[in-house]
Amino acid sequence: MAPLYDYEDFLKLEEPYPLWCGQYTPGSGYMLHVQNPANGETIASAHTPSEEDVASVVEVAHKMYADGVWALASRQHRADVLDKAAELLAASLDKLIAWEVMQTGRPIREMKAQVPSLVRWFRYYAALLRTEERAVLPTMGSLHNWVDRVALGVVVQITPFNHPLLIAVKKLVPALAAGNSVILKPSELTPVTSLLLGPILTEAGLPEGVFSVLPGLGSTVGNWLVSHKLVRKVDITGGTNAGRAIGSIVGGNLARYTAELGGKAPLIVFQSASVDAAVNGIAFGSFIASGQTCVASTRILVHNSIIDEVRQKLILKAQSIVERMGSPFHPASTMGPVISDKQLRHIEALVKSALDDGAKLLHGGSRMRGTSSIDDTDFGKGYFYPPTILDLGSAAEPKAPIWKTSDSDLSIETRLWNEEAFGPVVVLVGFDNEPQAVGLANDTIYGLGAALWTTDLSQSFRISEHIRAGIVWVNTHHRNDPSSPWGGLTASSGVGSENGVEAYRAYTMTKSTIINYATTKECLDDDWFADDAKDVRYG
Ligand code: NAD
């Protein structure tokens, strides 16, 4: 077998990773063991903090904020540090990519595309700091009233396993740009690359205590962090249950909250679409990251006039992906394992329940065994699941028990239609007209991502306006840019959004300063309690 692992040098690790608190520091909690989902082996360990460690990290972060070491540093200085971090991140890409592949099991092709793009978040928010203008308000009188944006204080950021670095960077860069002290709790499944960010930020010039990384479980470390009274904002990306549980604690502390939660994205293929382009789009939207993305296109709605062709071509595409599955480090590898055995069993249960409810299996449907055809990867040792396609039938012939009809609405009731599988599993549904397509697309508690495939321009405007989702892509899928808002439109998909100017503002408070530039005589004339006082005090 050709040597696949040019990355081995980066992955050597003998000692467990300590916590990052401006420098590597041992934690007094339990030891976390990180698994390679491609073969189940333990690849790293990380210290976790005790409850006392958590309290002391929060207090140091608060002191840094209160002393203004970073929060009151000039915006030019903060921008310089972010630009320097971008440079250092770019120089560390090989190591970060290698660890991201190792801990997530996502193919090297995906990580080589995703991780370098993170540099753009540092550059974007550095540029925002350099170019942001402050408003001067039309307050009446000889008053000069301007508005500043100031940091909130200590902010806690909690991230999931699927894009460990991307999501950490999306959150921490606007928070640091605004001058906050950030404590990051990465997923217990994938803490390594977040821990590697620490030295990069310190070398870039971030003062010690302004950025810390505390790995651990949500139920312990996560809970201790979000419950701390000095924490002024929590920002989580994770499942809807976690988002709801954390939100109730954060609300009790009157802290601010951003939550990027679950999704069940519809992807609609209209009659005018190029079938080949749409099938490529479905495969990308559904199977990238082994379907473990919040915007995975899991509900594929296809116009009945082209559904046979889409079905056939999608099956062929799924087969071609399976043929190139293997070690995530293989340069040709198309799809890796899912993150854990628990996740694999969850996917299996959802697929089984859909089949029990009457869905028809078109491709995949059970965990992979045997050996890869591109290398010697033993699928049985890891958590490999093939691209899986299930047919749920058509709105033209809505068959019970999956289909529920009322006078005005059509809806589908099987767990796989309603719940996130967070795996490479899609359902295919036929429709005859736009109202059916829109009704089915919106038949969900979620509202994060959605996609349309059509070459009819007016249709793309018309339909995107009616889709209840925070991000609608037309003839593309899963585009992400530092400038482009990313957030849900329904509560189950979250609160607030990431990226762009809004994410930066959500990490600030407004501070209004009003200076009276009247002469002393005018000030004296403005004496409210003067004997001959006028009764109008303007402005
Ligand atoms: P998860 O909810 O299991 O965990 C996410 C993070 O929250 C982890 O760090 C975990 O330790 C922590 N956590 C969980 N419960 C907690 C609690 N009660 N208190 C404090 N912390 C807690 O999610 P996951 O399995 O890592 O990720 C998958 C989920 O994330 C999916 O639902 C997916 O849709 C969602 N997600 C959303 C977006 C988005 O942008 N909206 C992006 C990626 C993933």
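Biologist: Which helices each supply at least two residues of the lining of the second largest pocket?
Modeller: Keep in mind that this is a predicted model. The helices are H4 (108–114), H5 (119–131), H10 (275–287) and H11 (307–323).

Biologist: How much space lies in that second largest pocket?
Modeller: About 770 Å³. The second largest pocket is lined by 28 residues, and the closest to its centre are Arg 106, Glu 110, Ala 113, Phe 284 and Ile 288.

Biologist: How do the residues of its lining divide into nonpolar, polar and charged?
Modeller: The lining of the second largest pocket has 10 nonpolar, 11 polar and seven charged residues.

Biologist: OK, now the largest pocket. How much space lies there?
Modeller: About 1,400 Å³. A total of 48 residues line the largest pocket. Nearest its centre are Phe 161, Gly 238, Gly 239, Thr 240 and Ala 242.

Biologist: Which element gives the largest share of that lining?
Modeller: H9 does, with six residues. The elements that each supply at least two residues to the lining of the largest pocket are helix H6 (164–177), helix H8 (218–227), strand E10 (231–237), helix H9 (240–252) and helix H12 (341–356).

Biologist: And by class, what does the lining of the largest pocket have?
Modeller: It has 20 nonpolar residues, 20 polar ones and eight charged ones.

Biologist: Switching topic. How many salt bridges does a search of the whole structure find?
Modeller: The search finds 25. One of them pairs the side chains of Glu 498 and Lys 170, at 2.7 Å from N to O. Glu 498 sits in the loop between strand E21 (494–495) and helix H16 (500–505), while Lys 170 is in helix H6, so this pair ties together parts 328 residues apart in sequence.

Biologist: Is Glu 498 buried or exposed? And Lys 170, buried or exposed?
Modeller: Glu 498 counts as buried because its relative accessibility is 3%. Lys 170 is also at 3% relative accessibility, so Lys 170 counts as buried.

Biologist: Which residue does Lys 171 meet in a salt bridge?
Modeller: Asp 235, with 2.6 Å from N to O. Lys 171 belongs to helix H6 and Asp 235 to strand E10, so the pair ties together parts that are 64 residues apart in sequence. Lys 171 is buried, with a relative accessible area of 1%, and Asp 235 counts as buried at 3% relative accessibility.

Biologist: Last one: which residues do salt bridges with shared partners join into one network?
Modeller: Asp 80, Asp 83, Arg 123 and Arg 130.

Note on methods
Residues are numbered from 1 along each chain as its sequence is written. This is a predicted model: local features need pLDDT of at least 70, side-chain atom pairs count only at pLDDT 80 or more; totals for chains, interfaces and linings use all residues. Side-chain values use heavy atoms; hydrogens and water are left out. On a 1 Å grid over the protein atoms alone, a cavity is a set of points where a 1.4 Å probe fits but cannot get out, and a pocket is an open set with protein on both sides within 12 Å along at least five of seven lines; lining residues have an atom within 4 Å of a point. Grid points are joined across faces, edges and corners, and a volume is the space filled by probe spheres set on the points. Helices (H or I, at least four residues) and strands (E, at least two) are DSSP runs, numbered from the N terminus. Ala, Val, Leu, Ile, Met, Phe, Trp, Tyr, Cys and Pro count as nonpolar, Asp, Glu, Lys and Arg as charged, and the others, Gly among them, as polar. A salt bridge is a side-chain nitrogen of Lys or Arg within 4 Å of a carboxyl oxygen of Asp or Glu. Buried means under 20% relative accessible area, exposed over 50%, partly exposed in between (1.4 Å probe, protein chains only).
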